[in-house]
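Subject: Structure handover

Hello,

Here is the structure for your files. My notes follow it.

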Amino acid sequence: MSSRRILCAALFALAGAAPAMAADHEIRIGEINSYSRIPAFTEPYRRGWRLALEEIEAAGGIRGRKLVVIDRDDAGKPANAVRIAEELVRGEGVVLLMGGFFSNVGLALSDFARRYRVLYLATEPLSDALVWSKGHRYTFRLRPSTWMQAHMLAAAAAGLPARRWATVAPNYAYGKDAVAAFREILQGLRPEVTFVAEQWPPLFKIDAGVVVRALAAADPEAIYNVTFGSDLAEFVREGRLRGLFEGRTVVSLLTGEPEYLEPLGAEAPEGWIVTGYPWDAVDTPEHRRFREAYERRWGEHPYMGSLVGYTAMKAVAALLEKAPDLDTETLVDTLEGLEFDSPVGRIRFRALDHQSTMGTWVGRLAVRDGRPVMVDWRYADGADHLPPDEVVRRLRPAE
Amino acid sequence: MGFFLVQFLTGLASASALFLVAAGLTLVFGVTRIVNFAHGSLAMLGAYLAWALVGVLPAGPLGWWGGILVAALAVALFGLLVEVVVLRRVYGAPEIFQLATTFGLALLIEDLVRVLFGPADRLGPRPPGLAGTVILLGEPMPTYDLFLVFVGPAVLGLLWALARRTRFGVLVRAASEDREMAAALGVDERRLFSAVFALGAFLAGLGGALQLPRETLHLEMDLEVIVEVFLVTVLGGMGSIPGAFLAAVLIRELEAFGILLFPRITLVLAFLVMAVVLVVRPQGLLGETETGSGPDPRLLRPLRPAGSRARLATALLVGLLVLLPWLVPPYGLVLATDVMVFALYAASLHLLLGPAGLVSFGHAAYFGLGAYGAALAVDRLGLGTFPALALAVAAATLGALLFGAVARRLAGVYFAMLSLAFAAILWATAVQWDELTGGDDGILGVWPDPRLSPLVVWYELVLVLTVLALVLLRTLIFAPFGLALRAVRDHPVRAATLGLRPGALRVAVLAVAGALAGLAGGLHAFAKGSVFPDVLHVARSVEGLVAVLLGGLHGAGAGPVIGAAVFVLLEDWASRLPWWRTVVGGTILLVTVAMPEGITGGLARLAGRWRRRVREAEG
């Protein structure tokens, strides 16, 4: 018995002692994402930040120091993400955390960041709570939030004649936020609008045939869709098959992003009003430079994930370049109000609520040569789709 | 009217695919008594293979249907391979070994599918000729769904004919009734088991492949499918194919109409029906009653209290652990805390599996009740750490008493399945009752009181509580209570004659195990600062089983502690690798197949051999 127990104790000691502390000539940052759970988004995302990292490296690092990214997979589980965050911060000596895909993972990491006073840059999670109702000093968010994207869509939806609306959304933070925001904004713009049905399939477990018929039974004039990934593909297929979309306009979050749009192929539903990323058509000089570099490096076109990953790493580089030291408080103070250049133009992290002003594209879906694309799109700047400052101040708890 | 008809038919169509997969599982269980956790993985493999084949074969009906069929056959071949290489070695082992082995297999297959087909979501093409819809009473109905409606009954009929009209069927039925007798009468068990397993794999592959036009394929399918298929097989009665059909229809119709009334609680609804059925008919809708399989022969050795050397070593280890904060960097302490919490959880499960001989597949129920109890106490009631921990223990104990009251009469695999159902209901409730539990978003901000929150203080507190709980557990095992438990486990009739009351003892031991698992859950919540539904998930239950098996079933406490340490450290180390599933799954397979007495038992065997050799050399 004795030798075995001592062996076991030795294992502890080894596991604890192994991680080396960060050397002076490098800066370590931790990147946590759902690489195995939603690779369709996170793999391009990883290629995006790798490209940015290589560019930073080629330019001589951060003031002569090498930027090292330790990336880990949370498998889509918030509990994993917290455990990894603990390890990265305590064991690997990272100066900040970034990443997250699912809103619940983002909220869990944000709670961790508040407790241990570590800077967390939420790159993809869209939950409003992240910067508003549960916002705090240590969490920042890059992408336009659920509220912002719902605002972009509701503005378009208010122009439609439809009054009877139905909603379908995955039953977790992102879905609930997205429906609540859309309802509030649309009814604010058009008080006569009513919501006649709502469906809440469990995330990635939609039983599409029955959900589609349940929606059709309420006979809405228009539908607001929040499902994405595998749920979306099944919803679209069953919806088309069962005639749900005939004579009804659908307004849909994120569906124009190539990672969700391309798997639909020629079955993509034409005419849907969506937020997304027309990667082949955006023709600003800064985006063209990004796209060409990305295609050269990886041999494929950029996805929304690529754009987010690339921009996030550029934001981190801008932050580390500007910050006088690597103390968390200094980093937070520096990131508040920080402006930097990205493929979508100049972006700012608002000091008010730590939300960035990165925007997204709004347009309609169409199929061209058997390939789904976004048409009639415009870039919606994030700064134009946020509530007035005094509203945000009310939403955000006092520090 | 048309709406209800189409909704009903859609439910039937979904039920067909579910039934095919479930029929495979229940068939394999009926003959080999293996609860195959990797069955969902076989369905996933079938679906991915079909996707790949349909893409390669020439377009047209022949290519599409050929692809589906070849995929199912390939899965059958794969199943055969798995049976011959791995499962054949664990037929004699108790249920938990088989479950752990197949859990390891599931992890390996997931990595295999990832390598073969890539991580992206895949949506297959619709079958030529069945891509459209027909109008039924004014409602559109996909023709493919209509086709599926007939597939379920057709396969049910074929399986019935196979069982009643062929020699193979006679042998299968004979082996399901009485394995030993069939073997004694000259039935070649090995070939029969291989054939049945291949048939089961074929059905899984076919069920998966037929979902191609209706479902997006993704790498989480395996767990999703296996949970549903367990539900169906248990509800229908383990081993009963018509029962599986009935249960599949019931579950899918419940879903089809449930979402009209309760769109937010479809998951809970299904599990609740299962629990109600099991309470009334523990053997499931069409299952047959079965006596427990008796205790694992390896458990029949009496337990001995530790000798003075082991006591000294334990004292030294505890001393070392007390000093650990000054020996390792902070993350080492985090890991050590995780190990202790998990060890407590595994030890409480070991009390049921070992001394009490109760196979629990749903031990996460108590861990999760503890975790949510503590989290809600902090979040809703604003309680401090210690009252919250007390509430955690109380919640888990209450849950265990409730379960004990229902399950006290059950034995063997039915006890195991009801415990699985109990945990599944709690999990579904945690996912869907988001007003209380926050759903998938969990409960955040569950941190210990400020005076307890420094890492070192928290670590020492967990250490003290864990050691106290383990000492209590060990004392109980050697006390008259533990002796009575083992007496009831090994010789129920004799024990009852001596005046022991098996039912009451069971409820009591469940309460103790539940309370300690609840404490572990509460500590887990505070250590992580948050609680999510995965504390209740079937994977958590299986992880506990794996830790106990790694440590070894025999013994009185050291095994699960060592098993938990190995499991947590292995998982922590492996989770950095892209192939962590292969590493963890492979380790589980290695231990269950090559070292069935666990690490402690295996090392003891090696030590014994070494001692003998020394003695021989000296003598």
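The crossing of H7(A) and H8(A) is right-handed (left-handed if the near helix is turned anticlockwise from the far one by less than a right angle, right-handed if clockwise). Helices (H or I, at least four residues) and strands (E, at least two) are DSSP runs, numbered from the N terminus.

This is a predicted model: local features need pLDDT of at least 70, side-chain atom pairs count only at pLDDT 80 or more, and totals for chains, interfaces and linings use all residues. Residues are numbered from 1 along each chain as its sequence is written, with chains lettered from A and ligands numbered from 1 in the order in which they are written.

Back to the helix pair. Helix H7 (residues 208–217) and helix H8 (residues 229–241) of chain A pack at about 55 degrees, axes 9 Å apart. Axes are lines fitted to C-alpha atoms, for helices over the stretch in contact, and angles run from 0 to 180 degrees between N-to-C directions. H7(A) is therefore oblique to H8(A) (under 35 degrees is roughly parallel, over 145 roughly antiparallel, 65 to 115 roughly perpendicular, the rest oblique). H7(A) contributes Ala208(A), Gly209(A), Val211(A) and Val212(A) to the contact; H8(A) contributes Glu234(A), Phe235(A), Glu238(A) and Gly239(A). Contact means C-beta atoms, placed from the backbone, within 7 Å.

Now the chains. 61 residues of chain B are in contact with 57 of chain A. Helix H1 (2–32) and strand E2 (139–142) of chain B are among the elements that each supply at least two residues of chain B's side.

Best wishes

Key. Two residues are in contact if their C-beta atoms, placed from the backbone, lie within 7 Å.
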